[in-house]
Amino acid sequence: MAHEELNGGGIFPLGGKAESEYFTGETYRNMIFTDPEPLNAAIGSVTFAPGSRTNWHTHKVGQVLLVTGGEGWYREEGKPAQPLKQGDVVNIPANVKHWHGAAQNSWFVHIALTPGETQWLEPVEDEAYGRLGQGE
Ligand code: MN
């Protein structure tokens with residue numbers, strides 16, 4: 001997929017490919033603000049190609065996602081997946097196991113505000129991902 005198409009919902013440049021051991025599929029990350037002051041939170045724009053998503057993970061302090069384009073999913077362990085679209089905001093509590101990523105047929109772009117460390121866990125299995133939006 002062309003970068004221009006992927007970045008259609010991105011306000012900021014696409015950035016480089018994200019680390020493949022923490023993501024499934026084609027994802028890009030642009031760290032747009034990393035100064036420790038005044039917020040003490042890393043701010044990155046993450047772009048997901050259709051079908052791509054993070055591994056399951058937790059954030060030591062929590063995380064806020066600001067959706068800037070496309071369609072995607074947010075899922076906390078033990079809860080139904082929530083569909084996401086441009087303008088949605090997700091408040092992710094500290095130490096809650098979750099993943100986020102694109103819908104099956106759409107690119108997806110969010111800005112992630114992450115004030116603490118991230119603990120990366122196992123990938124989201126293709127079978128479980130494929131059931132999203134079908135009553136799962
Ligand atoms: Mn997260």
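Predicted model: local features only at pLDDT ≥ 70, side-chain atom pairs only at ≥ 80, totals over all residues.
Residues are numbered from 1 along each chain as its sequence is written, and side-chain values use heavy atoms, with hydrogens and water left out.

Five aromatic pairs were found in a search of the whole structure; rings of Phe, Tyr and Trp (its six-membered ring) pair if their centres lie within 6.5 Å, and planes under 30 degrees apart count as stacked, over 60 as edge-to-face and the rest as tilted. One of them is the tilted pair of Phe23 and Phe48, with 6.3 Å centre to centre and 50° between the planes. Because Phe23 lies in strand 2 (residues 23-24) and Phe48 in strand 4 (residues 42-48), this pair ties together parts that are 25 residues apart in sequence. Helices (H or I, at least four residues) and strands (E, at least two) are DSSP runs, numbered from the N terminus. Phe23 and Phe48 are both buried, where buried means under 20% relative accessible area, exposed over 50% and partly exposed in between (1.4 Å probe, protein chains only). Tyr22, Phe23, Phe48, Phe108 and Trp120 form one aromatic cluster.

Trp99 belongs to strand 10 (residues 98-102) and Tyr129 to helix 2 (residues 126-130), 30 residues apart. The relative accessible area is 1% for Trp99, which is buried, and 6% for Tyr129, also buried. Arg53 lies over the face of Tyr129, at 4.3 Å from the ring centre; a charge sits over a ring if NZ of Lys or CZ of Arg is within 6 Å of the ring centre and within 35 degrees of the ring normal.Seven salt bridges were found in the whole structure, each a side-chain nitrogen of Lys or Arg within 4 Å of a carboxyl oxygen of Asp or Glu. Arg53 forms one with Asp126, the closest N and O atoms being 2.8 Å apart. Arg53 lies in strand 5 (residues 53-54) and Asp126 in helix 2, so the pair ties together parts that are 73 residues apart in sequence. Arg53 is buried at 3% relative accessibility, whereas Asp126 is exposed at 58%.
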